[in-house]
Amino acid sequence: MRDALSDFTGTVRRAVDDYRMIQAGDRVAVGVSGGKDSMVLLLALNCLRQYYPEPFELEAVTIELGFEGMDFTPVRELCGKLDIPYTCVKTDIKEIVFDVRKEDNPCSLCAKMRRGALNDAIRARGISKLALGHHFDDAVETFLMSLLFEGRLSCFRPVTFMDRSGVTQIRPLIYAGEQKIINLADSLDIPIVENPCPQDKASKRYEIKQLIKTLSATYPDIKSKVFGACLL
């Protein structure tokens, strides 16, 4: 199991090196939702900091959206074992998005509010670098969503400086495929906090995920081709 994490961390290090995501003395906050992506990212960065030539500190921050039944105790306990400072911020994002605004496209507003809350939380702790759990498949899906739903070519970057907030977002999982993340999470028996969001299987992203699965049956290399276009 430890070898699996070490191998995976090698993939993360390649992304960190290629895009100069982390410099010596950085304090890096990981946005931890409790899902497999952010939990694997937290473990990989914790592994990386043990030997990375540019020393950095690590913290974990959770934005609690307000859905009932989400218990982040397993995240807190894991951070305690790893000696990683953990902050959990309660918000009313769920109430605003679903109950007050009744958004037709709730994912967009939710993501925007969650990111704003994350930025505020880490700046309050004097941190300006935020690691997000977006991975290879997320990049492919985001690119296709932009093309098909907005008529433009756009995708998030591996490193993005947000001038309004002064926060630099990094995505160390950019080279890691979703299935590889799932396999590692299962092999390490990582505690996962399930997300009860009603949009989980009804979002535009889920629709694109199914489209890619269908296209991949005919064009097996479609994801790698699209990924290459994402980073041009």
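This is a predicted model: local features need pLDDT of at least 70, side-chain atom pairs count only at pLDDT 80 or more; totals for chains, interfaces and linings use all residues.
Visitor: How many disulfides does a search of the whole structure find?
Guide: A disulfide needs two cysteine sulfur atoms within 2.5 Å. The sulfur of Cys 155 lies 4.1 Å from its closest cysteine sulfur, in Cys 230, so that pair is too far for a bond. For Cys 79 the closest is Cys 88, at 10 Å, again too far. The search count is zero.

Visitor: Is Cys 79 buried or exposed?
Guide: Buried means under 20% relative accessible area. Cys 79 has 0% relative accessibility, so Cys 79 counts as buried.

Visitor: Which residue forms a salt bridge with Asp 17?
Guide: Asp 17 lies in helix H1 (residues 2-18). The closest N and O atoms are 3.3 Å apart, and the partner is Arg 13.

Visitor: How many residues apart in sequence are the parts tied together by Glu 59 and Arg 125?
Guide: Glu 59 forms a salt bridge with Arg 125, with the closest N and O atoms 2.6 Å apart. Glu 59 lies in strand S2, while Arg 125 sits in the loop between helix H5 (106-124) and strand S4 (129-131), so the pair ties together parts separated in sequence by 66 residues.

Conventions
Residues are numbered from 1 along each chain as its sequence is written. Side-chain values use heavy atoms; hydrogens and water are left out. Buried means under 20% relative accessible area, exposed over 50%, partly exposed in between (1.4 Å probe, protein chains only). A salt bridge is a side-chain nitrogen of Lys or Arg within 4 Å of a carboxyl oxygen of Asp or Glu. Helices (H or I, at least four residues) and strands (E, at least two) are DSSP runs, numbered from the N terminus.
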